[in-house]
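User: Hello! I am new to this structure and would like a friendly tour. Could you show it to me first?

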Amino acid sequence: MQKRTILIQLDTDIHPSVFDRVVAVDSGVDEVFSYGGVTPEKLQALIHGAIFTRGPLDLCRTAIFIGGSEVSKAEELLVEAQKQMLPAFGLQVSLMLDANGCNTTASAAVRAVEKHISGPGHRALVLGGTGPVGQRAALLLAQGGFDVLLASRSLERSQAAANAVGKLTQNPAKIQGIAPHSPAQLQESLQGVQVVIAAGAAGICLLPKVIWQACQELRILVDLNAVPPHGMEGVTVMDKGTEREGKIGYGALGVGGLKMKLHRKAIQTLFESNKAILDAISIHSIDVG
Ligand SMILES: NC(=O)c1ccc[n+]([C@@H]2O[C@H](COP(=O)([O-])OP(=O)(O)OC[C@H]3O[C@@H](n4cnc5c(N)ncnc54)[C@H](OP(=O)(O)O)[C@@H]3O)[C@@H](O)[C@H]2O)c1
């Protein structure tokens, strides 16, 4: 008899994310074991519990989901979890990182863009680009061949993020950090840009309508901020390929449906082998039909 599928949820927050548990159940997982307040020091016992309990042939029915509101802490767990596996003996399980929805959200945003325009020969601007979602969106756009401007309030932070993201791509020169400090500078940054993704903090408007309206070449607007005021004035939260002043708009909930579908499919993908590592690029390669 086939063993039950088990998703082990390792969360850096004290209370493991209810959202992630619900999605796990909706993905068809038989059992979800949830652990909160997980730190790298506590990881060994948890990983050993996962890899030493079933034979190598059954380990594809155990998988680990790493989440939590602080993405950098979750990234540390992903690195440490891999160190604790014993692949030489087949003793490993699949891993997925989607802390704060960073990977599935960025992938859904870039998939929305790619429905309308492909990367090579085009330029994209990511506002709020230093955050976890913005950095991943910039990475996926660059992987898709876009020239990417990664924007922040601080040039130092945007350049640091652009360098960090650039190291993960085959062509680091495709990502440039910028810090437009005035409406005029923002308008200037939009010259030659066809795509804008707003990935700034919730409740912060980063792009006034008067600015994007005036940009002739701009075609696609994706706003990931669901909390008013939204990230792009004039793009509403439900927009999903909606025509806005001659451009195509997506709002946070418009992208959210695809994000949820992708999250569920990624969880299912974990159980196809015992060695998947699902992070931004691998999640972006999952086919959701
Ligand atoms: N639709 C969905 O399913 C979904 C899922 C997850 C997240 N989201 C949304 O996606 C967006 C990005 O998420 P995230 O976690 O990456 O965001 P975040 O880390 O909270 O913020 C992203 C960036 O926004 C900038 N920022 C912060 N406060 C600001 C302010 N007062 N004024 C201007 N800029 C400010 C910061 O960049 P600098 O300090 O470098 O300027 C920061 O790095 C959020 O709006 C989030 O709510 C949507």
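User: How do the residues of the shell around the ligand divide into nonpolar, polar and charged?

Analyst: Happy to start there, and please keep in mind that this is a predicted model, where local features need pLDDT of at least 70, side-chain atom pairs count only at pLDDT 80 or more, and totals for chains, interfaces and linings use all residues. Residues are numbered from 1 along each chain as its sequence is written. Ala, Val, Leu, Ile, Met, Phe, Trp, Tyr, Cys and Pro count as nonpolar, Asp, Glu, Lys and Arg as charged, and the others, Gly among them, as polar. On that basis the shell around the ligand holds 10 nonpolar, 12 polar and three charged residues.

User: Which residues are the closest to the ligand?

Analyst: A residue is near a molecule or strand if its C-beta atom, placed from the backbone, lies within 6 Å of it. 25 residues surround the ligand, and the closest are Gly131, Val133, Ser152, Ala201 and Asn225.

User: Which element gives the most to the shell around the ligand?

Analyst: Elements here are DSSP runs numbered from the N terminus: helices (H or I, at least four residues) and strands (E, at least two). Those that give two or more residues to the shell around the ligand are α5 (132–143) and α9 (252–270). With four residues, the most is given by α9.

User: How are α1 and α9 oriented to each other?

Analyst: Axes are lines fitted to C-alpha atoms, for helices over the stretch in contact, and angles run from 0 to 180 degrees between N-to-C directions. Helix α1 (residues 18–26) packs on α9 at an angle of about 65°, with axes 9 Å apart. Angles under 35 degrees count as roughly parallel, over 145 as roughly antiparallel, 65 to 115 as roughly perpendicular and the rest as oblique. α1 and α9 are therefore roughly perpendicular.

User: Which residues make the contact of α1 with α9?

Analyst: Two residues are in contact if their C-beta atoms, placed from the backbone, lie within 7 Å. From α1 come Val23, Ala24 and Asp26, and from α9 come His263, Arg264 and Ile267.

User: Are α4 and α5 parallel or oblique to each other?

Analyst: The axes of α4 and α5 cross at roughly 45° and come within 8 Å. Among the residues in their contact are Ala106 and Val110 of α4, and Val133 and Leu140 of α5. By class, this contact has nine nonpolar, three polar and one charged residues. The angle between the axes therefore makes α4 and α5 oblique.

User: What makes α2 oblique to α3?

Analyst: Leu43, Gln44 and Ile47 of α2 meet Leu77, Glu80, Ala81 and Gln84 of α3. Helix α2 (residues 43–51) is oblique to helix α3 (residues 71–84) because their packing angle is about 55°.

User: Where does Asn100 lie, and what is its phi?

Analyst: Most residues other than glycine have a negative phi, and most peptide bonds are trans. Asn100 lies in the loop between β4 (94–97) and α4 (102–114). Its phi has a positive value, near 55°.

User: Which residues does a cis peptide bond join?

Analyst: The bond has an omega of about -10°. The residues joined are Pro228 and Pro229.

User: What separation do the centres of domain 1 and domain 2 have?

Analyst: The protein is divided into domain 1 (6–97) and domain 2 (102–256), with bounds from an automatic or database domain assignment. Taken over C-alpha atoms, their centres are separated by 31 Å.
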